[in-house]
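Reader: I would like a close look at a single residue in this model, followed by an account of the protein around it. Please take the residue's neighbours as the starting point.

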Amino acid sequence: MHAVLERQLAALAAGDIEAVMENYAPDAILVRFDGICVGTGQIREMLSAYLTLKPWLVELLQYAECADTLFYRAVMNVGDRQRDALGTLVLRDGKIWRQTAVFLGD
């Protein structure tokens with residue numbers, strides 16, 4: 001697993017918004033079906049709310065990496081409920097530049 005994804009999962013599990021945000025490029029974009037966050041200000045706001053649900057990785061089911069793109073499928077515990085998640089991270093200069101995320105069944 002790529003170091004950026006490892007750091008991101010650890011920061012999420014720790015509930016550490018500062019550590020989470022260190023992984024993002026200043027001009028990052030996060031795309032979800034329930035909304036799009038442009039820039040670290042909007043991403044911080046959305047992820048701060050997400051952290052109140054105490055997310056942590058239960059199991060990484062699938063993972064693929066090519067050049068600057070990471071693609072994963074995982075079981076996450078979010079709000080004391082296990083959820084299937086899919087996501088993509090596109091990196092630039094060792095930071096998350098573009099991200100997609102979805103919980104299956106939403």
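Author: Leaving aside residues up to four places away in sequence, Gln8 touches Val20, Asn23, Tyr24 and Ile96. The model is a predicted one, and these contacts, like the other values given here, are computed from it. Gln8 itself sits in helix α1, which covers residues 3–14. The relative accessible area of Gln8 is 4%, and because the cut-off for a buried residue is under 20%, Gln8 counts as buried.

The setting of this residue can be described at the level of the whole chain. The protein contains three helices and six strands, and along the sequence these elements follow the pattern α-α-β-β-α-β-β-β-β. The radius of gyration is 13 Å, close to the 13 Å that the globule rule gives for 106 residues, so the protein is as compact as a globular protein of that length. Taken along the principal axes, the box filled by the C-alpha atoms is roughly 35 × 30 × 25 Å.

Gln8 is one of the buried residues, which make up 37% of the 106 residues of the protein. Where contacts between residues at least 6 apart in sequence are considered, 37% of them join residues at least 24 apart.

As for the surface, the accessible area of the protein comes to about 6000 Å², and 55% of that area belongs to carbon and sulfur atoms. The protein carries 10 positive and 14 negative side chains, with the centres of the two sets lying 3 Å apart.

Note on methods. Residues numbered from 1 in each chain as written. Predicted model: local features only at pLDDT ≥ 70, side-chain atom pairs only at ≥ 80, totals over all residues. Heavy atoms only, no water. Helix = DSSP H or I, 4+ residues; strand = E, 2+ residues; numbered from the N terminus. Rg over C-alpha atoms; globule rule 2.2 N^0.38 Å. Buried < 20%, exposed > 50% of the residue type's maximum accessible area, 1.4 Å probe, protein only. Contact = heavy atoms within 4.5 Å. Areas by Shrake-Rupley, 256 points an atom, 1.4 Å probe, with all protein chains shown as cover. Lys, Arg positive; Asp, Glu negative; His and termini not counted. Charge placed at Lys NZ, Arg CZ, Asp CG, Glu CD.
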